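This briefing summarises the fold of a single chain for a reader with the coordinates at hand. The points are grouped by topic.

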Amino acid sequence: MWSKLVRPIGEVSCRYESVRLATSLVPGEPEGPCVKTEVPGPKSKDLLCELKKIAGEDVDFTDVEKESCVINQPPGAPKLSILSFHGAFHGRTLGALSTTHSKHCRENKKEDEKCLAEVEELIEKYKKKDRPVAGVIIEPIQSEGGDHEASPEFFQCLQKICKKNGAALLIDEVQTGCGPTGKFWCHQHFNLECPPDVVTFSKKMQMGGYFHTEEMTPKQPYRVFNTWMGDPGKLILLENILYVIKTQKLLEQVERTGKRLKRGLIEIENEFPCIINSVRGRGTFLAVNTPKTELRDDILRRMKQKGVQSGGCGVSSIRLRPALVFQEHHADIFLDVFRQVLRETK
Ligand SMILES: Cc1ncc(COP(=O)(O)O)c(C=O)c1O
């Protein structure tokens with residue numbers, strides 16, 4: 001499978017880089033056979049349109065297509081839509097901003113069903129508008145939006161809807177990828193029928209990129225290309241990080257620490273039900289809600305004064321994003337400080 005990566009993906013370093021990526025990423029077992037390094041945030045939307053448009057066709061663009069694409073007009077820039085979710089964050093740049101939203105949804109079966117019905121409605125609506133949905137972009141845990149979760153069944157159904165309608169499914173693993181949920185990729189928790197069409201990564205992976213299924217491969221080189229096709233230096237770092245994750249069994253560590261941390265948070269929630277609620281998350285990728293933004297910010301400020309850095313997401317959530325080397329005794333230290341801060345809350 002990985003030998004397919006020896007296809008040149010850009011200029012100068014890319015042959016070297018794709019070979020390195022192949023060997024580097026094996027421990028992470030991405031299911032998509034093709035990996036490319038690039039800037040994923042800004043590219044996500046354009047990328048999906050591009051891949052959908054060009055995958056499968058082994059012919060060059062026509063002259064009319066070449067001329068019209070640079071002025072963003074059809075047929076070169078076809079009228080395609082991308083569907084994303086309220087509360088989603090896929091970056092701050094270029095096309096990604098148009099898929100970044102900021103309302104929230106909660107995890108429960110009813111909400112899942114309502115949301116999936118809305119997805120189908122929107123797909124129909126945009127088909128009728130002659131702007132068919134080329135792809136659906138979603139975070140496995142909607143992070144900036146407030147650590148909103150959906151069930152594995154939600155993702156399984158979403159994938160089925162995408163397949164039925166010929167839309168590609170892009171899972172944005174920029175925040176969740178590389179282990180913090182206890183699996184290398186968060187979508188591995190969902191038992192999807194088949195791999196997502198595209199998965200974007202960055203952050204812990206040291207560089208931005210994406211991997212995708214064979215069907216999404218542009219048949220001709222340079223169809224999805226820019227100056228920022230990755231960084232071989234970062235690849236050497238990544239190789240070593242992956243080696244450490246594997247040899248030090250850090251994913252198992254995340255599972256163990258995550259369980260302890262979540263159990264502790266639930267205990268604290270029971271002690272202070274008026275201050276925190278809705279403990280949730282996978283691995284050490286955990287969050288709790290507070291009733292108000294000001295209270296959340298105050299708690300974060302006082303945590304910091306006691307030497308603990310934690311962050312906020314959504315309107316009033318506190319999110320935990322410890323490094324993969326965070327251990328159970330570190331979890332105990334965090335929980336002690338958190339409990340103390342909540343005890344001192346007026
Ligand atoms: C889920 C997610 N997707 C994509 C991105 C990439 O964002 P940007 O394009 O601003 O680098 C981010 C950045 O934090 C992110 O959290």
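Buried residues make up 42% of the 346 residues in the chain. The model is a predicted one, and its secondary structure amounts to ten helices and twelve strands. Among contacts with a separation of 6 or more, 73% link residues 24 or more positions apart.

**Confidence**

- The mean pLDDT of the chain is 84, and 79% of the residues reach at least 70.
- Residues 1-16 have a pLDDT below 50, and this stretch makes 26 contacts in the model beyond near neighbours in sequence.

- An open sheet is formed by six strands in the order 1-8-7-6-3-2, with mixed pairing.
- Strand 1 (34-37) and strand 2 (81-83) are the edge strands; each has a single partner strand, so one side of each lacks a neighbour in the sheet.
- From one strand to the next, the twist averages 20°.
- Strand 1 runs antiparallel to strand 8 (residues 209-212), and four bridges join the two. Within this pairing, Val 35 has Phe 211 of strand 8 as its bridge partner.
- Strand 3 pairs with strand 6 in the parallel sense over four bridges.
- Asp 172 stands opposite Thr 200 of strand 7.

**Burial of strand 6**

- Five of the five residues of strand 6 are buried, so the strand is largely enclosed by the rest of the structure.
- In a regular strand, side chains alternate between the two faces of the sheet.
- In strand 6, Ala 168, Leu 170 and Asp 172 point one way, while Leu 169 and Ile 171 point the other way; all are buried.

**Helices lying across the sheet**

- Helix 5 (residues 109-128) lies across strand 2 and strand 3 (133-138), and runs at about 175° to strand 2.
- Helix 6 (residues 152-164) lies across strand 3 and strand 6 (168-172), and runs at about 145° to strand 6.

**Helix packing around helix 10**

- Helix 9 (residues 293-305) and helix 10 (residues 328-343) have axes that come within 10 Å and cross at roughly 125°. Helix 9 is therefore oblique to helix 10.
- The crossing of helix 9 with helix 10 is right-handed. Ile 299, Arg 302 and Met 303 of helix 9 meet Val 337, Phe 338 and Val 341 of helix 10.
- The axes of helix 8 (residues 250-271) and helix 10 come within 9 Å, crossing at roughly 15°. The two helices are therefore roughly parallel to each other.
- Helix 8 likewise passes helix 10 in a right-handed crossing.
- On the helix 8 side, Arg 256, Thr 257, Arg 260, Leu 261, Gly 264 and Ile 268 take part in the contact. They meet Glu 328, Ala 331, Leu 335, Phe 338, Arg 339 and Leu 342 of helix 10.
- Phe 338 of helix 10 is listed among the residues that meet helix 9, and among those that meet helix 8.

Notes:
Residues numbered from 1 in each chain as written. Predicted model: local features only at pLDDT ≥ 70, side-chain atom pairs only at ≥ 80, totals over all residues. Pairing = 2+ DSSP bridges. Axes fitted to C-alpha atoms, helices over the stretch in contact; angles between N-to-C directions. Contact = placed C-beta atoms within 7 Å. pLDDT = per-residue confidence, 0-100. Buried ≥ 20, exposed ≤ 12 C-beta atoms within 10 Å, placed from the backbone. Parallel < 35°, antiparallel > 145°, perpendicular 65-115°, else oblique. Left-handed = near helix turned anticlockwise from the far one by under 90°.
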